[in-house]
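Trainee: I'd like a close look at a single part of this model, please. Take me through it step by step.

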Amino acid sequence: MTDGTGWQEDWREHIWLPYAQMKHIAPPLPVVATNGTRIRLADGRELVDGIASWWTACHGYNHPHIRAAVTRQIEVMPHVMFGGLVHEPAVRLATRLAALLPGDLDRVFFSDSGSVSVEVAMKMAVQYWLNRGIRGRTKMLAFRGAYHGDTFATMAVCDPDEGMHKHFAGILHENIIADLPHDDENAATLDALVARHANEIAAIIVEPLVQGAGGMLFHEPEVLRRLRALADKYDLLLIFDEVFTGFGRTGTMFACEAAQVVPDIICFSKALTGGTMALAATVAREKVFEAFWSDDPARALMHGPTFMANALACAAANASLDLFESEPRLEQVARIEAALQAGLEACRGTPGVRDVRVRGAIGVVELEKIDDLAALKRRFVARGVFIRPFGKIVYLTPALTIDNIDLKRLTDAVVHVVRQIPD
């Protein structure tokens, strides 16, 4: 590689790509720059990014305020370990998150990925009971359609049938998987299930309002209120995984606000830094934290990622929160929601389309089936957009800053491509 372009051909030698059969994968698109809602490829083409880098780039790419904050921080202190040390960007970020969150969600534990933030929440929940002298509560109550991550603990609370982790059946920790309580009948069934297993369950874990990577499945706020009531009835902890839904994606700053429900533990990542740096947070209520507050060292939470509370990432996250304060993000989400509803409605009634649904800045066209995902992706690129369908769905989760022109380009591309899919 002497001319600076060889990497575009040599990626196969050492790169192992995610969620891909490497033997047959089509060459990935070589990206050389990003800006706003656009991705620039090595051949000069620009694509409108319809998924905001897996829902992370909520302010678009290269926002000058975040870039300036990271530049200032790297000149002072890129990173310092968080064991026995502390720094201002992390303290400021934790304080701001606690102030934004409902109720007494006040204790912030930082990590560096969504999967780890959920795993930390599960670890907190199990140890919460152990620290109180109650043994046997080691299982999670999770739900069909769920996706919580790819680590071993989080795989065990994903949908066991429709998820990506079937190969590991029999190896993963056994949890309790149920249907969400969408109606009174489901709620009664779930109540009976929990009554039988309450002494085994440490916590209920759910993605509030939208089950993301499990299929962009929506549920109503009432589901969350039922789960809060169930947790209270049987003295269980309630964990909300807001790795996807947090920071405006569903129309409120946090999805839990729509139901006016306060979970016992809440998890964030993805958009926490505006898609700039890897960072995650697990935030607990005071009653959870108090179970770890002790003179006994064995009751401490024995967890600590090497890059926990990375100063650069915390600076980016603080800058991202600045933008939520200074720029009209939630109003932009409402505008995007209306545009997605209007633009994607043309897919409804198209042969092969099962459903069209929109919530906040999430637009979904669910198909009966997708026979060739790779071909579908190529058709979107040919239309000048980057959209990454999976399973049976084509979805849009654009940056919250996207303008009307680029948003229409995305919805038009979805309508055009979906209508071209053979019956």
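Trainee: In what order do the 7 strands of the open sheet lie, and what kind of pairing do they show?

Mentor: Happy to. The order is E4-E12-E11-E10-E7-E5-E6, and the pairing in this open sheet of 7 strands is mixed. The edges belong to strand E4 (105-111) and strand E6 (176-178); each has a single partner strand, so one side of each lacks a neighbour in the sheet. On average, neighbouring strands here are turned by 20 degrees against each other, with direction ignored. As for the terms, strands (E, at least two residues) and helices (H or I, at least four) are DSSP runs numbered from the N terminus, and two strands pair if DSSP finds at least two bridges between them.

Before going on, please keep in mind that this is a predicted model: local features need pLDDT of at least 70, side-chain atom pairs count only at pLDDT 80 or more, and totals for chains, interfaces and linings use all residues. Residues are numbered from 1 along each chain as its sequence is written, and side-chain values use heavy atoms, with hydrogens and water left out.

Now into the sheet itself. Strand E7 (residues 201-206) and strand E10 (residues 237-241) run parallel and are joined by 4 bridges. Alanine 203 has leucine 237 of E10 standing opposite. Helix H5 packs on this sheet: H5 touches E4, strand E5 (139-143), E7, E10, E11 and E12, and its direction makes about 25 degrees with that of E12. Contact means heavy atoms within 4.5 Å; the axes behind such angles are lines fitted to C-alpha atoms, for helices over the stretch in contact, and angles run from 0 to 180 degrees between N-to-C directions.

H5 (residues 114-131) deserves a moment of its own. Its 18 residues should span 26 Å at 1.5 Å a residue, and the end C-alpha atoms lie 25 Å apart, which agrees; the expected span is 1.5 Å times one less than the number of residues. Of the 18 residues in H5, 13 are buried, so the helix is mostly covered. Buried means under 20% relative accessible area, exposed over 50%, and partly exposed in between (1.4 Å probe, protein chains only). Just after H5, glycine 133 takes a positive phi of about 80 degrees.

Let's finish with a loop between two strands of the sheet. Lysine 270 sits between strand E11 (265-268) and strand E12 (280-285). Lysine 270 is partly exposed because its relative accessibility is 25%. Beyond residues up to four places away in sequence, lysine 270 touches Trp54, Trp55, Thr56, Val243, Phe244, Gly275 and Leu279. Trp54 belongs to helix H2 (residues 52-55) and, at 33% relative accessible area, is partly exposed. Trp54 in turn contacts Pro18, Tyr19, Lys270, Arg388 and Tyr395, leaving aside neighbours within four places in sequence.

The UniProt entry, which is unreviewed, lists Trp54, Tyr147, Lys270, Gly304 and Arg388 under "binding site". These positions are spread over 335 residues of sequence and also in space, up to 33.6 Å between C-alpha atoms. UniProt positions are given in the numbering used here, feature names are shortened, and annotations may be inferred rather than shown by experiment.
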